[in-house]
Amino acid sequence: MKHKPVLALAALLVFPLTACGTSAAAGDGSTVTVTVGYQSKTINTVTAGTLLRSLGYFEKELNALHDGKTYKVDWQDYATGAPITAQMTAGKIDIGSMGDFPLLINAARGKQLGKPTHLVSVTGYNLRGGLNTVVTAPDSTLDSLAALKGKKVSTSVGSAADGTLVRALQRAGIDPDKGIEKLNQQPAVGASALSAGSTDALSQFVAWPGLLTYQGKAKALYDGAELNLPTFHGVTAREDFAEKRPAVLEAFLKAQAEATDYLNGHPVAAAESVAKATGLPAEVVYLYNGAHGIATFDPAVKPRLISALKQDVSVLKAAELTGDIDVDSFVDDQYVKKALGAGYATRLASGPASAASEVWPKGASETRDFKTPAELLKYVSAHRDGIRAAYVPDATTGTLWFADKAVWVADGDRLLPFVAPETARAYVSAHGGARVVTYADALERAS
């Protein structure tokens with residue numbers, strides 16, 4: 001049983017190579033095609049994928065090289081990082097973006113096949129791990145992670161969401177191999193299984209938990225930020241490509257930084273753009289990519305993220321998905337440092353925006369910030385027909401969540417939101433007089 005996930009992952013990694021019509025960095029000498037693999041619906045990679053593509057910044061930077069060559073960009077969209085890795089090690093993709101656990105598998109496969117790759121920049125990150133969430137069906141009676149013992153749980157083995165599940169179960173005293181029945185499924189399959197009742201819970205990465213919750217098809221059981229371990233997505237490039245065409249890679253990283261600045265400067269417009277390209281609701285995109293969203297975007301390769309990446313290796317080794325991985329040799333920040341120049345140090349020192357409650361009024365091109373969740377609730381109560389979306393940060397982890405999907409606690413005059421019921425109960429237990437209330441009750445109290 002333990003080897004089945006390995007076989008499933010291997011099947012993904014040998015994704016048919018005939019799917020690509022052109023080879024990476026191909027050309028007749030004067031024309032060069034650069035192939036970029038991305039995941040449109042993994043929306044905290046948008047600055048290296050969906051948003052970057054729509055803005056045209058990479059093509060603009062390539063045209064500015066003026067090196068006598070004509071550049072074309074072949075954008076290839078995938079559901080997960082595994083097929084991107086397969087195409088990279090076959091020389092079919094030059095640059096790809098994926099999550100931290102798939103990045104490690106990318107490193108392992110590249111080394112194993114003699115086609116080394118390197119992590120060259122970061123896209124979206126969360127310093128506590130809030131990009132991954134365990135959800136259950138809306139009518140589920142499960143209300144804690146411990147309640148998953150003996151239950152069926154869907155996840156994508158080898159993904160960051162699987163890593164969150166493994167660590168969370170271990171902390172809850174449950175053997176992640178024997179304590180649950182793990183279903184190795186692609187996110188869309190797992191979402192369908194949850195709706196059909198063929199699995200009890202789903203552990204997935206951005207944007208699936210938020211999407212299913214927004215659609216009323218799931219509710220949060222466990223906030224990955226409770227682990228307080230950073231999780232992130234990043235950009236990986238083939239070593240031979242980077243060495244042969246360093247100026248092209250630097251152009252990509254400059255373009256990524258420009259897309260990052262656009263997203264940070266125009267979060268609502270960026271969310272609308274990504275929503276149009278992916279079919280995801282803009283309200284869900286904004287939950288993760290907004291001004292105070294779950295993800296923070298910055299191309300700088302921060303030491304804290306690399307330290308977390310090193311800790312992830314043990315999880316993959318325990319699942320027999322990889323052996324030892326030399327993370328230090330996999331990370332190569334020379335290209336992004338050169339691309340961003342003097343501004344790199346500033347980006348390296350920057351951090352997430354402070355937590356805040358936000359309302360997105362209908363028809364508005366900007367959101368409104370509120371100092372406290374209670375102030376947001378008061379505004380929502382007075383403008384019930386004019387609210388497109390309302391977001392509040394978890395009182396313990398800071399993870400942003402939909403106000404009407406949060407678990408609310410009344411503590412005296414304070415109204416506190418939580419992503420998951422177990423976290424809310426922990427607060428209530430530690431604060432005499434505090435109690436869980438409904439969203440409707442919270443609105444009434446705030447009005």
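Predicted model: local features only at pLDDT ≥ 70, side-chain atom pairs only at ≥ 80, totals over all residues.
**The whole chain**

- The protein chain has 19 helices and 19 strands.
- Along the principal axes, its C-alpha atoms fill a box of roughly 70 × 50 × 35 Å.
- Buried residues make up 57% of the 447 in the protein chain.
- Take the contacts in the protein chain with a separation of 6 or more: 75% of them join residues 24 or more positions apart.
- The accessible surface of the protein chain comes to about 17,600 Å², and carbon and sulfur atoms account for 50% of that.

**The second largest cavity**

- Rolling a probe the size of a water molecule over the atoms shows where empty space is left.
- Two cavities of 30 Å³ or more turn up in this model, and the second largest cavity has a volume of about 90 Å³.
- Its lining includes Asp-100, Phe-101, Gly-129, Asn-132, Ala-160, Thr-164 and Arg-167, and also Leu-227, Leu-229, Pro-230, Thr-231 and Asp-312.
- Helix H5 (100-112) and helix H6 (160-171) are the elements that each give two or more residues to this lining, with H6 supplying the largest share, three residues.
- By class, the cavity lining splits into five nonpolar, four polar and three charged residues.

- Thr-231 counts as buried because its relative accessibility is 4%, and the cut-off for buried is under 20%.
- Leaving aside residues up to four places away in sequence, Thr-231 touches Asp-100, Tyr-125, Asn-126, Gly-129, Gly-130, Leu-131, Asn-132 and Ala-160.
- Leu-309 is 78 residues from Thr-231 in sequence, yet their C-alpha atoms are 8.1 Å apart in space.

**The second largest pocket**

- The second largest pocket has a volume of about 530 Å³.
- It is lined by 33 residues, and those closest to its centre are Gly-293, Ala-295, Thr-296, Pro-352 and Ala-353.
- Strand E5 (117-126), helix H10 (246-265) and strand E12 (296-297) are the elements that give two or more residues to the pocket lining.
- Of the elements, H10 gives the most, with four residues.
- The pocket lining is made up of 15 nonpolar, 14 polar and four charged residues.

**Backbone spots worth a look**

- As a rule, most residues other than glycine have a negative phi, and most peptide bonds are trans.
- The peptide bond from Val-206 to Ala-207 is cis, with omega near 5 degrees; Ala-207 lies in the loop between strand E9 (201-205) and helix H8 (208-214).
- Asn-228 isn't a glycine, but its phi is positive, at about 55 degrees. You'll find Asn-228 in the loop between strand E10 (219-223) and E11, and with 39% relative accessibility it counts as partly exposed.
- Glu-320, also not a glycine, has a positive phi of about 60 degrees. Glu-320 lies in the loop between helix H13 (303-318) and helix H14 (327-330), and at 35% relative accessibility it counts as partly exposed.

Key
Residues numbered from 1 in each chain as written. Heavy atoms only, no water. Buried < 20%, exposed > 50% of the residue type's maximum accessible area, 1.4 Å probe, protein only. Contact = heavy atoms within 4.5 Å. 1 Å grid on protein atoms, 1.4 Å probe; cavity = no way out; pocket = protein on both sides within 12 Å on 5 of 7 lines; lining within 4 Å. Points joined across faces, edges and corners; volume = space filled by probe spheres on them. Nonpolar A, V, L, I, M, F, W, Y, C, P; charged D, E, K, R; others polar. Areas by Shrake-Rupley, 256 points an atom, 1.4 Å probe, with all protein chains shown as cover.
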